[in-house]
Amino acid sequence: MGTILVVAEIQKGAIREASYELVSAARSVAEAGGHEVNGLVIGSGVGDLASEFASKGAGKTLVVDDAAAENYNVDVWSKAIRAAADSTGADLILISNTPAGWDVAPRIAAGLDCAFVSDTISAENGEGGGFNFLRRIFNGKLDAEVSTSGRTVASMQPGAQAAFEGSSEGGTEALSADLSATAKFVETKIAESTGVDLTKADIIVSGGRGVGDPEKFTEVIQPLAEILGGAMGASRPVVDAGWLDHPYQVGSSGQIVAPKLYIAAGISGAIQHLVGMKASNFIVAINKDPDAPIFEVADVGIVADLFDIIPALTAAVSEAKG
Ligand SMILES: Cc1cc2nc3c(=O)[nH]c(=O)nc-3n(C[C@H](O)[C@H](O)[C@H](O)COP(=O)(O)OP(=O)(O)OC[C@H]3O[C@@H](n4cnc5c(N)ncnc54)[C@H](O)[C@@H]3O)c2cc1C
């Protein structure tokens, strides 16, 4: 029987939601392939969090609890994860696609001399003890199938799977590892907020890839949001392309919003966007494609060019306001 090792990440004193998403992925691979799922929690004073992880899906959870692991350090994490991989004989090591995950995952694979797949959104058993993954590429335009043989390290995108919500048994087990590090922790800097808090807005006017370029957000989307006294939002490709900052993003890996009015312009309605806004009270969708999935959740659907509709709406509201 093989083993899948799920590496947990702690943020603001709690196990991240993304770690429970890894548990979901691990459990579905384990169910089909007869693997055991094990967790790994790294930090200082993290015994309670490790017990929680063990009982909420990860099963037997190894704990590297050491003052040296108080703050994220790539050397400490590499050594702890490699020690856990050796101790469990893990065939698949799952790490979240977070800044820490991007940093440490390739090192683990290089250190273990095994396959590495980044940015995955799903995992399955493959041939010859390997695994098959889907990776979303080209800014969400394509999903690539990637297969590995033998032991594999994979990083998975937050929001790609639903977080595991069941329970498990297995308890925790202390793991000692050589945590000597060349890298030194200096400080944690949190990026300055842009001041956008979409979760508090009553009205959101969101633009998607269909808006076409960043200037059009300023010229077309923002004026409608402003005149309605609302906020501007966006789909993920807009943020990935650098047109708007991440706080503007609505969806599974952005903000979850439920305003009184949500206007979606040039947004197709992918599931990851819908989970972020479908609880809105009233949804208006504007899309040139009559088959766009956004229309399935819309209260009012307008099949048209957003560049005809949005400026006309802005002008009409302006006129009504006098
Ligand atoms: C792990 C993971 C997490 C993700 N998280 C998120 C997330 O949090 N939020 C999110 O939004 N996405 C997320 N995505 C991406 C998601 O899968 C889709 O790729 C994305 O939502 C598509 O954005 P879009 O609708 O703007 O672009 P597209 O799918 O390219 O759609 C553009 C739409 O614009 C329409 N259009 C084009 N021109 C016009 C025009 N002039 N007038 C009217 N309509 C026009 C087109 O008909 C089309 O329907 C995530 C994906 C993954 C794998």
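Me: In which strand is G233 found?

Reply: This is a predicted model, in which local features need pLDDT of at least 70, side-chain atom pairs count only at pLDDT 80 or more, and totals for chains, interfaces and linings use all residues. Residues are numbered from 1 along each chain as its sequence is written, and side-chain values use heavy atoms, with hydrogens and water left out. Helices (H or I, at least four residues) and strands (E, at least two) are DSSP runs, numbered from the N terminus. By that numbering, G233 is in strand 13.

Me: Does G233 count as buried or exposed?

Reply: Buried means under 20% relative accessible area, exposed over 50%, and partly exposed in between (1.4 Å probe, protein chains only). The relative accessibility of G233 is 0%, so G233 counts as buried.

Me: Which residues does G233 touch, not counting residues up to four places away in sequence?

Reply: Contact means heavy atoms within 4.5 Å. With sequence neighbours up to four places away left out, G233 touches L198, I204, V205, S206, G207, F217, L244 and Y248.

Me: Which side chain is joined to that of Q157 by a polar contact of 2.9 Å?

Reply: Q157 lies in the loop between strand 10 (152-156) and strand 11 (172-174), and at 13% relative accessibility Q157 is buried. A polar contact is a pair of N or O atoms within 3.5 Å; within protein, one must be able to donate a hydrogen and the other to accept it, and residues adjacent in sequence count only if both atoms are side-chain atoms. Beyond four places in sequence, Q157 touches residues including E21, N97 and D119. The side chain joined to Q157 by the polar contact is that of R236.

Me: What is phi of D119, near which value?

Reply: Most residues other than glycine have a negative phi. D119, in strand 7, counts as partly exposed because its relative accessibility is 24%. The phi of D119 is positive, near 55°.

Me: Is D113 buried or exposed?

Reply: D113 also has a positive phi, near 55°, and sits in the loop between helix 4 (99-112) and strand 7 (115-125). Its relative accessibility is 72%, so D113 counts as exposed.

Me: At roughly what angle do the axes of helix 1 and helix 2 cross?

Reply: Axes are lines fitted to C-alpha atoms, for helices over the stretch in contact, and angles run from 0 to 180 degrees between N-to-C directions. Residues S19, Y20, V23 and R27 in helix 1 meet E52, F53, K56, G57 and A58 in helix 2. The axes of helix 1 (residues 17-33) and helix 2 (residues 47-58) come within 10 Å, and they cross at roughly 40°.

Me: How many strands are there in the chain?

Reply: Of the 322 residues of the chain, 45% count as buried. The chain has eight helices, and its strands number 16.
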